[in-house]
Amino acid sequence: MRTGLYIGRFQPFHKGHLHAVRYCLSIVDQLIIGIGSALESHTAKNPFTAGERIEMISLALEEAKISRDRYLLVPIPDVGYHQLWVPLVELLVPSFEVVFSNEPLTRRLFKERGYHVEEIPFLRRELYSGEEFRRRVLSGENWTEIVTESVAHFLKEKGLLQRIVELSKSDKVRL
């Protein structure tokens, strides 16, 4: 059985991420989905907790009818020193053969440790990004087309959109 690793911040988990998971699962039998920057939350760039992101991902993958047997969700904190981060990931997750990432630093760090790293084809990157999602929430534009129906419902139900608005105000005050 071939296992892959896909790490992202998922702030929030959107349709581009879902496309990436499907792509990864077309290549590997099982996918470890690493919730990056797991200790970061309640900031304009990282508004959601690791637990909230895990719930969003679980809901979206269930909605997409992706079997729980095919993936594992693991929170992965930042460590502050790039050379220590991949060894930390290796301690936290089961073994894997391939890393899926488009992020240049992540790609470089895993390659330097000897891993096979593959890029993921983007799906409408100008639309499907956490930055675009947060921008739309703040400007009052339609953000629901960026996330799955289950994630949109979760964000509304938990009042997480208001958190984004409030955090953007407090971050501006500090600038």
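**A tour around helix 4**

Select the buried residues of helix 4: what covers them includes strand 1 (3-8), helix 3 (82-92), strand 4 (98-100) and strand 5 (116-118). Contact here means heavy atoms within 4.5 Å. Helices (H or I, at least four residues) and strands (E, at least two) are DSSP runs, numbered from the N terminus. This is a predicted model, in which local features need pLDDT of at least 70, side-chain atom pairs count only at pLDDT 80 or more, and totals for chains, interfaces and linings use all residues. Residues are numbered from 1 along each chain as its sequence is written, and side-chain values use heavy atoms, with hydrogens and water left out.

Next, select residues 104-112, which make up helix 4. Thr106, Arg107, Leu109 and Phe110 are buried there (under 20% relative accessible area; exposed is over 50%, partly exposed in between; 1.4 Å probe, protein chains only).

Now look at the two ends. Glu103 caps the N-terminal end of helix 4, with a side-chain oxygen 3.2 Å from the backbone nitrogen of Leu105. Just after helix 4, Gly114 has a positive phi of about 95°.

Move to Ser101, in the loop between strand 4 and helix 4. Is Ser101 buried or exposed? Ser101 counts as buried because its relative accessibility is 3%.

Finish at Val79, in the loop between strand 3 (71-75) and helix 3. Val79 has a relative accessible area of 34%, so it is partly exposed.

How values were computed: A polar contact is a pair of N or O atoms within 3.5 Å; within protein, one must be able to donate a hydrogen and the other to accept it, and residues adjacent in sequence count only if both atoms are side-chain atoms.
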